[in-house]
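Please walk through this model with the explanation below, which starts where the two chains meet and then moves into one of them.

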Amino acid sequence: MSVIETDSGMSPFSWPSHDPWRDLSPAEGPEGLEIQRQLGNLWRHRRSAESIRLSDDLETFQGEVAYRSIPPKRSYVVRVVCVEVRKGEPRPFSLDDLTE
Amino acid sequence: MNIWLKTFGSDLEQGDYLPDCALPMVGPDFEPTIGESKIVIEIRDLIVITQSCDLANAKVQFAALCPIYGLDHFESINPDFTKRGRWESVRKGRVEGLHLLGSPEDPQNNRLALVVDFGEIYSLPVAYLANRAGQQGNRWRLQSPYLEHFSQAFARFFMRVGLPVQIPE
């Protein structure tokens, strides 16, 4: 399963990385215990769902990837005057780097 | 560590991001007859791929550049890239011709990343590019080691050798 990179130290999950209610003072009474249990279940469910979504997003496509070139941001036609300059001459090429 | 550094002035280096450069294009029926003719000017955002040492020592009069796009722009033409796993393949270097760079403004936001298309290589006069760079005020320059990673990716793309017959899988 792919794992998202977290160079920034930020969690890729929208919820805390551990069950935040686990660290609270123990609930008292049957209602409090039930609420704490349900919150834990909710955290685990949410965390699991986000893990699946993240791994899907990061899954590498194995097939061949083709793409079309992108048109320019804008383009326009200009009139130019063509001047005959014959074939271009070679440009001066320094050999300074090759001399010892 | 920053991926990009803000710079200004007309000095050019490999990895310089130059928005809105003008590229003169000739069509298939272009005839350079003496007199008036027409050419198309395309405006593109480009990134310099010529080596910095060649630019610094005036070894070249033309610089090579590749187009660079935002992911949304690229996806608008290539909707397949909105599908799951496509950008991850590019990020891992498995798509020939494309290279991802982190966003200059918000490197942690991968949706603001930029993609370079090595499949289109343009050449423009260094003098024009230097003048253009000088007009732009603050602009972005790719930093090491992302610069070397980018340069190596281009080299790997360009040095490919196609074989007439492959060893069967």
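A:Lys73 and B:Asp45 form a salt bridge, with their closest N and O atoms 2.8 Å apart. The model is a predicted one, and in it the rule finds three salt bridges across the interface of chain B and chain A. Between these two chains there are also 13 residue pairs in polar contact, both residues being at pLDDT 80 or more. The elements of chain B that give two or more residues to the side touching chain A are β3 (35-48), β4 (62-70), α2 (71-77) and α3 (86-91). Of these, β3(B) supplies the largest share, eleven residues. Sorted by class, that side of chain B has 14 nonpolar, eleven polar and 16 charged residues.

How much area is buried between chain B and chain A? The size of an interface is often given as the accessible area lost when the parts come together. For chain B and chain A the buried area is about 3400 Å², and carbon and sulfur atoms give 55% of this. On the chain B side, the residues that lose the most area to chain A are B:Ile43, B:Ile77 and B:Arg84, which together make up 17% of what that side buries. Counted by contacts, 41 residues of chain B meet 30 residues of chain A.

Strand pairing also links the two chains. Strand β1 of chain A, residues 74-82, pairs with β3(B) in the antiparallel sense, over nine bridges. Two of the facing positions can be picked out: A:Arg79 has B:Lys38 as its bridge partner in β3(B), and A:Ser75 stands opposite B:Glu42.

Strand β2 of chain B, residues 17-25, runs antiparallel to β3(B) and is joined to it by seven bridges. Here B:Leu23 stands opposite B:Glu42.

Now to the salt bridges within chain B. Over all chains the structure holds 14 salt bridges. One of them joins the side chains of B:Arg111 and B:Asp72, at 2.6 Å from N to O. B:Arg111 lies in the loop between β5 and β6 of chain B and B:Asp72 in helix α2 of chain B, so this pair ties together parts that are 39 residues apart in sequence. B:Arg111 counts as partly exposed, at 35% relative accessibility, whereas B:Asp72 counts as exposed, at 54%.

Helix α3 of chain B holds a pair set within one element. B:Glu88 and B:Arg91 both lie in this helix, three residues apart, which is about one turn of the helix. The two form a salt bridge, with their closest N and O atoms 2.9 Å apart. B:Glu88 also meets B:Lys92 in a salt bridge, at 3.8 Å from N to O. Is B:Glu88 buried or exposed? B:Glu88 has a relative accessible area of 10%, so it counts as buried, the limit for that class being under 20%. Its two partners are partly exposed, B:Arg91 with a relative accessible area of 42% and B:Lys92 with 39%. Elsewhere in chain B, salt bridges that share partners join B:Glu13, B:Asp16, B:Arg139 and B:Arg141 into one network.

The loop that holds B:Arg111 also holds B:Ser103, between β5 (98-101) and β6 (114-117) of chain B. B:Ser103 is buried, with a relative accessible area of 3%. Leaving aside neighbours within four places in sequence, B:Ser103 is in contact with B:Trp4, B:Asn109, B:Leu112 and B:Ala113.

Key
Residues are numbered from 1 along each chain as its sequence is written. Chains are lettered from A and ligands numbered from 1 in the order in which they are written. This is a predicted model: local features need pLDDT of at least 70, side-chain atom pairs count only at pLDDT 80 or more; totals for chains, interfaces and linings use all residues. Side-chain values use heavy atoms; hydrogens and water are left out. Contact means heavy atoms within 4.5 Å. Buried area is the accessible area (1.4 Å probe) that two parts lose on being put together, summed over both. A salt bridge is a side-chain nitrogen of Lys or Arg within 4 Å of a carboxyl oxygen of Asp or Glu. A polar contact is a pair of N or O atoms within 3.5 Å; within protein, one must be able to donate a hydrogen and the other to accept it, and residues adjacent in sequence count only if both atoms are side-chain atoms. Helices (H or I, at least four residues) and strands (E, at least two) are DSSP runs, numbered from the N terminus. Ala, Val, Leu, Ile, Met, Phe, Trp, Tyr, Cys and Pro count as nonpolar, Asp, Glu, Lys and Arg as charged, and the others, Gly among them, as polar. Two strands pair if DSSP finds at least two bridges between them. Buried means under 20% relative accessible area, exposed over 50%, partly exposed in between (1.4 Å probe, protein chains only).
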